[in-house]
Amino acid sequence: MLQLESIENAYSFHSYNEQSAKLIKPDSNIHTPHSIEDDLLEISATTLIYKDLIETNDLPASFKDFDKQCLAKLADYDADIFLVGTGRQCQFPDKTILQSIAKEKLAIDFMDTGAASRTFNILSSEYRKVAVLLFFS
């Protein structure tokens with residue numbers, strides 16, 4: 001388990017493995033007698049999470065397809081920090097994508113999906129504006 005308390009108005013990670021992650025829904029606290037199974041949401045496909053928003057449309061299934069369209073989708077969000085969980089192992093996009101990130105002055109960190117989940121919880125609990133894009137394959 002990753003999160004002991006709820007984060008107001010935002011998703012947080014409860015747990016994860018190589019194929020999926022469980023999120024605690026905004027304003028839910030799963031450590032109360034009133035907690036129900038509906039307080040959790042399981043994801044197993046590429047997902048972008050920002051505060052209380054979840055997006056799965058038009059995202060590539062695999063990190064190997066991370067491209068400028070993914071960067072444009074991230075830039076649509078008002079986050080100060082973007083985390084990209086690249087799957088089981090940390091990977092980086094090709095040089096042209098990294099150059100685009102530098103040119104646009106985006107704060108994007110690439111890490112394995114587990115590290116992205118943990119980092120998202122920490123930054124969210126500090127009420128930082130963080131978005132995470134998770135890949136499971």
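User: Which residues touch the most other members in the largest nonpolar core?
Analyst: In this predicted model, the largest nonpolar core has 19 residues, and those touching the most other members are Phe66, Leu74, Phe82, Val84, Ile108, Phe110 and Leu133.

User: Which elements each supply at least two residues of this core?
Analyst: Three are named α1 (68-75), α2 (95-104) and β4 (47-50). The others are β6 (81-85), β7 (108-111) and β8 (130-134).

User: And which gives the most?
Analyst: That is α1, with three residues.

User: Back to Phe66. What does Phe66 touch?
Analyst: Leaving out residues up to four places away in sequence, Phe66 touches Leu71, Leu74, Val84, Pro93, Ile97, Phe110, Leu133 and Phe135.

User: What does the second, separate core include?
Analyst: That core has 17 residues, among them Ala21, Ile43, Ile49 and Phe136.

User: Where does Phe120 lie?
Analyst: Phe120 is in helix α3, which covers residues 113-125.

User: Why does Phe120 count as buried?
Analyst: Because its relative accessibility is 0%, and the cut-off for buried is under 20%.

User: What does Phe120 touch, not counting residues up to four places away in sequence?
Analyst: Phe120 touches Tyr11, Phe13, Ile49, Leu83, Val130, Ala131 and Val132. Its C-alpha atom is 9.1 Å from that of Phe82, 38 residues apart along the chain.

User: New topic: where is the place of Asp27?
Analyst: Asp27 sits in the loop between β2 (21-24) and β3 (40-43). Asp27 is partly exposed, at a relative accessible area of 49%.

User: What separates the C-alpha atoms of Asp27 and Asp52?
Analyst: A distance of 9.4 Å, with the two residues 25 apart along the chain.

How values were computed. Residues are numbered from 1 along each chain as its sequence is written. This is a predicted model: local features need pLDDT of at least 70, side-chain atom pairs count only at pLDDT 80 or more; totals for chains, interfaces and linings use all residues. Side-chain values use heavy atoms; hydrogens and water are left out. A nonpolar core is a set of buried Ala, Val, Leu, Ile, Met, Phe, Trp, Tyr and Cys residues joined through side-chain atoms within 4.5 Å. Buried means under 20% relative accessible area, exposed over 50%, partly exposed in between (1.4 Å probe, protein chains only). Helices (H or I, at least four residues) and strands (E, at least two) are DSSP runs, numbered from the N terminus. Contact means heavy atoms within 4.5 Å.
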